[in-house]
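Please look over the sequence and structure shown here before reading on.

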Amino acid sequence: MPADDLPIVLDRDDPEPLAVQVADALRSAAGSGALRVGDRLSSTRALAARLGVSRTVTAAAYDQLLAEGWLAGRRGSGTFVTAAPRRGHRQPAGGRRPGATAAPAREPAVVDLAAGRPCLDALDRAAWRRAWRAAAERPPTREPAYAGHPEFRRSVLDHLLRHRGLTAEPEQLLATSGTTAGVSEIAAALPAGSVVALEEPGYRRAAAALQERGLRVVPAAVDGNGLRVDRLPTGLAAVYCTPAHQFPLGSRLSADRRVALVERARAEGFLVLEDDYDGEMRYDVAPLPLLAALGPDVVAYLGTSSKLLTPALGVGWLVAPPELHSRLLAVRERTSIRPSPAGQLVFAALAEYGDLARHLRRLRAELTDRRRRVVEAFAGTGAPVLGDAAGGHLRVDLPSAAAEAAVIDGAGRAGVLLAGLGEYHGHPATVFGVSVGYAGPPGNQLDPAVAVVAELVRRAWSAG
């Protein structure tokens, strides 16, 4: 059967996105033999005209099949079938909807729109290789550096001063394996059974790290201006928060609440854990002063290279009040447990040669463009798109928990990994929607994946 004559029937009342229906039909045709390896498909424009849909729908369908390996594009020639599902191969339980095509012999590609992924497209691979070579040329050390490698600590202090406006002394800084590792170390220094308030919704890995150390985690309310300082309970040992870019709602803690939080911490004797996981990445206005700058005596500041570069380095930093710093360092010296220096040396090399600053400029430009494209994709869906112009994710609200589940499920069946706001609650959810991470996917995968989610969101709001 000529590819142009394929009988593709679309059901506009089906909750499945049109792009997914087109991809399913083409995949099914390849599995049945109606399409064969080497067949040339219609252009996305021609197929869209024949089906009476927008070209965005057919382009998203083709991109999904290209990502899965069933199709290949040849410059100047068109798009061709390169593989076909095995006939009679059944999809595992929880896979595609009944009636869809059989599964391929290999796992389909997944486009990951989860928040918190780094943007590897912005990373200069030549600079990356150069930094690793420079790190390897450093002579091995005879003694462990429990506070962190001196070169790394100098690089971090300079980075914080230049990009976060934080002035800190070397004796305040500890290298960590990341923010969660830093939270765990601090938790171990607090009395067992202590109560820690954590934003709700908020970062559940931090909650797990606190609970694993025998602490009791209670929810702290947040709104469009960040943490509700006025609603914090009394009797706290610590408060964990993400003031620069609240995770996952995307707001930032207002200036008056920053002052109020530091004042309460001093008056009531609790510690503030400031997780600045992506604070270097703002695209609209200058960031507000760090809590650590306002209250260095009551704030433990946590940073990481995971969002800035890659979690593969396993590198973070902790700026702590003097007494807490001494306790943490003493534990490391007693136990001989400390972060590996390899990633620290790579970070230091990137900073030394100016590659870190250049990377940050590229990253900001790349993510600014990606965020604009994502916001435009959701225009007309009826969904509120919220969150500051910062970091690598934004929030798309939905009318109910059922709508949230339907969008996540539909995206999953289309090969798009998506996190709902319900995942960030430790108690019954109060906010419904999805967190759309735009930093992680390769650039050519972002737009088709977001188009799938936008169509699902539009249907959710249309259904009420």
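How many nonpolar, polar and charged residues are there in the lining of the largest cavity? In this predicted model, that lining is made up of seven nonpolar, four polar and three charged residues.

**Cavities**

- Six cavities of 30 Å³ or more are counted in the model, and the largest of them holds about 80 Å³ of space.
- The largest cavity is lined by 14 residues, among which Gly-116, Arg-117, Met-281, Lys-307 and Gly-392 lie closest to its centre.
- The second largest cavity has a volume of about 60 Å³, and its lining consists of nine nonpolar residues and one charged residue, with no polar ones.
- Residues lining the second largest cavity include Leu-26, Arg-27, Trp-70 and Val-81, while helix α1 (residues 18-32) gives the most to this lining, with three residues.

**Nonpolar cores**

- The largest nonpolar core has 84 residues, and within this core Leu-113 and Leu-261 are the residues with the most contacts.
- Helix α14 (residues 443-462) provides the largest share of this core, namely nine residues.
- When neighbours within four places in sequence are left aside, Leu-261 is in contact with Leu-227, Val-229, Leu-232, Cys-241, Leu-253, Phe-270, Val-272 and Leu-291.

How values were computed: Residues are numbered from 1 along each chain as its sequence is written. This is a predicted model: local features need pLDDT of at least 70, side-chain atom pairs count only at pLDDT 80 or more; totals for chains, interfaces and linings use all residues. Side-chain values use heavy atoms; hydrogens and water are left out. A nonpolar core is a set of buried Ala, Val, Leu, Ile, Met, Phe, Trp, Tyr and Cys residues joined through side-chain atoms within 4.5 Å. Buried means under 20% relative accessible area, exposed over 50%, partly exposed in between (1.4 Å probe, protein chains only). Helices (H or I, at least four residues) and strands (E, at least two) are DSSP runs, numbered from the N terminus. Contact means heavy atoms within 4.5 Å. On a 1 Å grid over the protein atoms alone, a cavity is a set of points where a 1.4 Å probe fits but cannot get out, and a pocket is an open set with protein on both sides within 12 Å along at least five of seven lines; lining residues have an atom within 4 Å of a point. Grid points are joined across faces, edges and corners, and a volume is the space filled by probe spheres set on the points. Ala, Val, Leu, Ile, Met, Phe, Trp, Tyr, Cys and Pro count as nonpolar, Asp, Glu, Lys and Arg as charged, and the others, Gly among them, as polar.
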